[in-house]
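Trainee: I would like to learn how to read the features of a protein model from its atoms. Could we go through them together, one at a time?

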Amino acid sequence: MQNPIRNLFVLLGLFFIVSSINAQVSIGPRIGIKGSIPMAELDDESFVLDAIAAPSFGVQVEVEMTSKIGFVTGVNWNARGFAISLEEQGLEFNYQEQINYLDLPLLMKIKLGTKGVGMYLNAGASFGYAMTGSRSGDFSVIDGNDISTESDSQAIDLAKEEYNRFNAAAVIGAGVYFKTGRSQVFIDANMDYGLTPMAMDDEVTSLGIDFGVGILVPLGK
């Protein structure tokens, strides 16, 4: 499945390059927060995977074909993963696993509204590569008012532990924009549905929901 997805990634990238030749290109920073909701449970039914949240940031590029239609790409740093929490008979266990990806979105953008202010819709795909990973956990023993806790954290060797470095997701989103001189301030929300598993030998994918704010500055005149 990965080869067709990579081929689509290359074709869409070439399409963006060709489309931008005679179009207005704008670029700027975007920051926000992303929640990652796991789409499966572990084999043991007692271990239910919970969501995690982490900062998201990157550079967004908009290729404006007309006043209403454009394309969005860029580079984003996003986290995906899961958490586990257990509590039973004076024992508490918390575990979190986070994989950090460098994502490249390829989205179609449709604007609704006037030139100065309005809303827009996004739809397309996102392709990412896992750069780093970490896991952390703490184990607590509760005896009345006494709590004893041991904590540990470590980096994940993504290659050695056979994590799937490549990630593909379908993306939809919406936002609002405000013109401020030549620049454009935007606030948006996006949802991405994972199409590839986090690790080679499991079926855990993620549903991501992120909220962000940014500014786009046109290049050239």
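Trainee: Is Phe 82 buried or exposed?

Mentor: Burial is judged from relative accessible area, where buried means under 20%, exposed over 50% and partly exposed in between, with a 1.4 Å probe and protein chains only. At 9% relative accessibility, Phe 82 therefore counts as buried. Before we go on, note that this is a predicted model, in which local features need pLDDT of at least 70 and side-chain atom pairs count only at pLDDT 80 or more, while totals for chains, interfaces and linings use all residues. Residues are numbered from 1 along each chain as its sequence is written, and side-chain values use heavy atoms, with hydrogens and water left out.

Trainee: What does the secondary structure of the protein come to?

Mentor: Helices (H or I, at least four residues) and strands (E, at least two) are DSSP runs, numbered from the N terminus. Here they come to one helix and nine strands, and from the N terminus on the order is α-β-β-β-β-β-β-β-β-β. Of the 221 residues in the protein, 40% are buried.

Trainee: How is a pair of aromatic rings described?

Mentor: A pair of aromatic rings is described by the distance of the centres and the angle of the planes. Rings of Phe, Tyr and Trp (its six-membered ring) pair if their centres lie within 6.5 Å, and planes under 30 degrees apart count as stacked, over 60 as edge-to-face and the rest as tilted. The structure holds four such aromatic pairs. In one of them, the ring centres of Phe 82 and Tyr 95 are 6.3 Å apart and the planes stand at 40 degrees, so the pair is tilted. This pair links distant parts of the chain, with Phe 82 in strand β3 and Tyr 95 in strand β4, 13 residues apart. Ring pairs also join Phe 82, Phe 93 and Tyr 95 into a cluster.

Trainee: Which residues have the most contacts inside the largest nonpolar core?

Mentor: In soluble globular proteins, nonpolar side chains tend to be buried together. A nonpolar core is a set of buried Ala, Val, Leu, Ile, Met, Phe, Trp, Tyr and Cys residues joined through side-chain atoms within 4.5 Å. The largest nonpolar core in this model has 13 residues, and those with the most contacts inside it are Ile 99, Leu 158 and Tyr 163. Strands β3 and β4 each supply at least two residues of this core, and the largest share, three residues, comes from β4. Contact in general means heavy atoms within 4.5 Å; leaving out residues up to four places away in sequence, Ile 99 touches several others, among them Arg 80, Ile 156 and Met 198.

Trainee: Which residue forms a salt bridge with Asp 103?

Mentor: Arg 80 does, with the closest N and O atoms 2.9 Å apart. Because Arg 80 lies in strand β3 and Asp 103 in strand β4, the pair ties together parts that are 23 residues apart in sequence. Arg 80 is buried, with a relative accessible area of 2%, and Asp 103 likewise counts as buried at 2% relative accessibility. Salt bridges that share partners join Lys 34, Arg 80, Asp 103 and Asp 192 into one network.

Definitions and conventions
Salt bridge = Lys/Arg side-chain N within 4 Å of Asp/Glu carboxyl O.
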